[in-house]
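Thanks, everyone. I have one chain to go through today, so please look at the sequence and the model first.

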Amino acid sequence: MRIGVIGSGSFALALSNILCENNHEVLVYSRNESTKNEINNFHTNKAYLNDLKFNENIKCSISLKEVIAFSSTILICIPSSYIKGILIEMNKYITSKVDIINGTKGLDFEDKLTIQQVIRKYIDGSKINSVTSLLGPGFAKEIITHNLTLVCACSLSLEAAKKVQVLFSNQYFRVYTSLDVIGSEIYSSLKNAIAIASGICLGLGYNENTKAALITRGLKEMKEVGKFFHAKEETFYGLTGMGDLILTCNSKNSRNFSSGYQIGLEDSSENFLKNNTQTVEGLNTIKLVKYLIDKFNLNLPILNALYLVIYEGLKPSIAIKNLMLRPLKDED
């Protein structure tokens, strides 16, 4: 199968590596000429993956039109803040129906939509066979080095989910299927916000007791948001819920966790927001959850405190003190 990959970052290249190892043809799209040359000539992207080498059959182009024309299936792996623009551009070049796979974890704050919803909004329905999201706990570097990884193909169509399952599955990368798209996308986004909180706790000097408490109560808040969107409970306990949260809250390889860690070390978000150049998906998620809290009166104290820390200048140490001294209550 010929698969065009929109994006040349770490996760895009990790999934491209799987596809090539599974004997599919892959053409990656990058806006950057030097990135294209590095991928084609040296099979690396040191900006994202250090010295890790990936499959030599991965090719890269700076022509979006060429990548679209090449593809029967399109895999999108770019930051959520850029996805709307690239979809509008893609829509100009798609001339026949394609299957679209989404590898982006996040939410669109401006449109208040999940990524699959954004895809369906900005790509004409007449050009889409199916949309499937590939979500779950997986760091790109570990995928490329064949660490055993389990993820989930989430689609409104079981046939489409199974197609993606077969496309990617092999001896080190196992894919399950799910029809709960809204639950999978919501939980995969919320875990980024909770991971920022986990990093903040570590940066402030708290240890394992605190992390266990934060993850447990964070799961409770994720579940509350899931209920609001009518997500299935089994999704919450699966790879795109608890699985993804456990991975992201426990590793400095997570940009969300490491961003929170920096904020915690400085007991302030000011320098981080001023100097950050990385994509941290949890930041948009926090903004969107705050919108839901205010509009629908949701009780999400950790996520609300995160908004106050990131966007209203509250010191993390004060936010934690406020959380701990709230009125006592039953766990449920």
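I100 stands opposite V131 in β8. Helices here are DSSP runs of H or I with at least four residues, strands are runs of E with at least two, and both are numbered from the N terminus.

Before going on, the source. This is a predicted model, so to speak: local features need pLDDT of at least 70, side-chain atom pairs count only at pLDDT 80 or more, and totals for chains, interfaces and linings use all residues. Residues are numbered from 1 along each chain as its sequence is written, and side-chain values use heavy atoms, with hydrogens and water left out.

Back to β8. It also pairs with strand β9, residues 149–155, in the antiparallel sense over four bridges. There, L135 stands opposite C152 in β9. Buried means under 20% relative accessible area, exposed over 50%, and partly exposed in between, with a 1.4 Å probe and protein chains only.

Next, helix α6, residues 115–122. Its buried residues are I115, Q116, V118, I119 and Y122. Viewed down the axis of α6, they fall within an arc of 160°, so they line one face of the helix. The arc is that of the directions from the helix axis to the C-beta atoms. An α-helix has 3.6 residues a turn, so residues three or four places apart point the same way.

Now the cysteines. The structure holds zero disulfides, a disulfide being a pair of cysteine sulfur atoms within 2.5 Å. For C20, the closest cysteine sulfur is in C60, 12 Å away, which is too far for a bond. C20 is buried, at 5% relative accessible area. C201 is in no disulfide either; its nearest cysteine sulfur, that of C249, is 9.5 Å away. C201 also counts as buried, at 9% relative accessibility.

Last, the chain as a whole. It has 17 helices and 10 strands. Of its 332 residues, 55% count as buried. The C-alpha trace spans about 60 × 40 × 35 Å along its principal axes. Among contacts (heavy atoms within 4.5 Å) with a separation of 6 or more, 72% join residues 24 or more positions apart.

Key:
Two strands pair if DSSP finds at least two bridges between them.
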